[in-house]
Structures are given as structure tokens and as C-alpha cells.
Amino acid sequence: MNSEETIRRYFKCWLDKNGGPLPEIFADNAVYSECYGPEYHGLEQIIKWFTEWNRIGSVLEWTIKQFIHQGAFSVAEWYFKCDYNGEISEFNGVSLIEFDNNGKIVNLKEFKSDAEHYFPFGK
């Protein structure tokens, strides 16, 4: 599986609320940094976060806009929308993803941009 397929498969886990494939996607020692601060160290913590988040949340949309690849790194630009505990959130984002020699994600860092933009100086 190439890096784009792995990333698409990961996003699909959230859309389907199915964490079963996570051990095939993430290395045991993976580090995951969310865009608003939480960080998970190791596959066990990533699975725990996924399971707990999905108890009260649902990802409604996670659309990939583009990929950029360089060596063991991939960048995915995306749009994300969710319902978490009855509150709808949406934003644009970028994930910087590092893969190990086995094609598994070993490091993932998310960065966020508000989905609604405004133009203080006009268009």
C-alpha cells in the first residue's frame, strides 16, 4: 500500500467509526499530535483516543484536497467536519505524516485553519 492509500484508509476509519485497521496503519511507536494540543504516544494510546472520541463524536466529512510527497514524508491538505457531543465543527487542515520503512505512519502532526475566511482588505 502506498502512502496515499494509507492516508485515505486512515481517514475512512474515522468516517466509518471503525478502528480495526489502525494497527495496520500506525507503527507501534507512532506519535500523533492533534492540531489543538493533545498528543498520543504509541499505537495503544491512538486506539484508546479513537475509541473514546467516537463514543460521543462522529466525523461527518474528511475530504482530502491534495497530497505532496517527499521521501518518507507526505503532506495531506484536507477539510474536516464533525459532530462532537452535539456541537458541529468544521475547519481546513494539513497533516505532516512520516512513514517508517514498513509503510506505516510513525509520526503525524496536524495543523488547522478556520474554514470560514474573511477579507479585511477586499477580494
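A: Begin with contact, which means heavy atoms within 4.5 Å. This is a predicted model, in which local features need pLDDT of at least 70 and side-chain atom pairs count only at pLDDT 80 or more, while totals for chains, interfaces and linings use all residues. Residues are numbered from 1 along each chain as its sequence is written, and side-chain values use heavy atoms, with hydrogens and water left out.

Q: Leaving aside neighbours within four places in sequence, which residues is Ile 64 in contact with?

A: Ile 64 touches Ile 7, Arg 8, Phe 11, Glu 77 and Trp 78. Ile 64 itself is found in strand S3. Helices (H or I, at least four residues) and strands (E, at least two) are DSSP runs, numbered from the N terminus.

Q: Is Ile 64 buried or exposed?

A: Buried means under 20% relative accessible area, exposed over 50%, and partly exposed in between (1.4 Å probe, protein chains only). Ile 64 has a relative accessible area of 18% and is buried.

Q: Which strands pair in the parallel sense, and over how many bridges?

A: Strand S1 (residues 26-33) and strand S6 (residues 105-114) do, over four bridges. Within this pairing, Ser 33 has Lys 109 in S6 as its bridge partner. On the antiparallel side, S1 and S2 are joined by three bridges, with Tyr 32 opposite Tyr 40 in S2.

Q: How do I read the hairpins?

A: Take the strands, the bridges and then the turn. Strand S3 (residues 57-70) and strand S4 (residues 73-84) run antiparallel and share twelve bridges; Phe 67 stands opposite Ala 76 in S4. Two residues lie between these strands, and Gly 71 takes a positive phi near 60°. Strand S5 (residues 87-99) runs antiparallel to S6, with nine bridges joining them, and Phe 91 has Asp 114 in S6 as its bridge partner. The S5 and S6 hairpin has five residues between its strands, and Gly 103 in the turn has a positive phi of about 80°.

Q: How many salt bridges does the structure hold?

A: A salt bridge is a side-chain nitrogen of Lys or Arg within 4 Å of a carboxyl oxygen of Asp or Glu. The structure holds two. One joins the side chains of Glu 24 and Arg 9 (2.5 Å, N to O). That pair links distant parts of the chain, Glu 24 in helix H2 (residues 22-25) and Arg 9 in helix H1 (residues 3-16), 15 residues apart. Glu 24 is partly exposed at 47%, and Arg 9 is partly exposed at 27%. Another joins Lys 12 and Asp 16 (2.5 Å, N to O); these two are four residues apart in helix H1, about one helical turn.

Q: How many aromatic pairs are there?

A: Rings of Phe, Tyr and Trp (its six-membered ring) pair if their centres lie within 6.5 Å; planes under 30 degrees apart count as stacked, over 60 as edge-to-face and the rest as tilted. The structure holds 18 such pairs. Among them, Trp 14 and Trp 53 have ring centres 5.3 Å apart and planes at 85°, so this pair is edge-to-face. Trp 14 is in helix H1 and Trp 53 in helix H3, so the pair ties together parts 39 residues apart in sequence. Trp 14 is buried at 4% relative accessible area, and Trp 53 is buried at 11%.

Notes: Two strands pair if DSSP finds at least two bridges between them.
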